[in-house]
Amino acid sequence: MFSHTQNENGTYNTRCLHCFMTIASSVESTEELERIELQHVCPERALADLLAQGTSTGRHVHLN
């Protein structure tokens, strides 16, 4: 999930709504936004998925 804002010059910024990291700024097209967002590896989302996987299999995930 991402939040888009449009700048006064028509370009876009995009922010990940899981980790709140700004993924890109001053992007010129929505197609480029999509490409950039697909490349984002969100650490918060990865951790949530890892923990959910451990819960669904009945195993406990220990983080050191």
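Figure 1. A residue counts as partly exposed when its relative accessible area falls between the buried range, under 20%, and the exposed range, over 50%. Leu-17 has a relative accessibility of 37%, so it belongs in that partly exposed group. Keep in mind that this is a predicted model. You'll find Leu-17 in the loop that links strand E2 (12-16) with strand E3 (22-27).

**Figure 2. His-40, between the helices.** Where does His-40 lie? Look at the loop between helix H1 (30-39) and helix H2 (43-56). Is His-40 buried or exposed? His-40 has a relative accessible area of 17%, and buried means under 20%, so His-40 is buried.

**Figure 3. The neighbours of His-40.** Leaving aside residues up to four places away in sequence, His-40 touches Phe-2, Cys-16, Cys-19, Met-21 and Ile-23.

**Figure 4. Stepping back to the whole protein.** Two helices and three strands make up the list of elements, and along the sequence they run β-β-β-α-α. Of the 64 residues in the protein, 22% are buried. The accessible surface is about 5,000 Å², with 51% of it belonging to carbon and sulfur atoms. As for contacts between residues at least 6 apart in sequence, 16% join residues at least 24 apart.

Notes:
Residues numbered from 1 in each chain as written. Predicted model: local features only at pLDDT ≥ 70, side-chain atom pairs only at ≥ 80, totals over all residues. Heavy atoms only, no water. Helix = DSSP H or I, 4+ residues; strand = E, 2+ residues; numbered from the N terminus. Buried < 20%, exposed > 50% of the residue type's maximum accessible area, 1.4 Å probe, protein only. Contact = heavy atoms within 4.5 Å. Areas by Shrake-Rupley, 256 points an atom, 1.4 Å probe, with all protein chains shown as cover.
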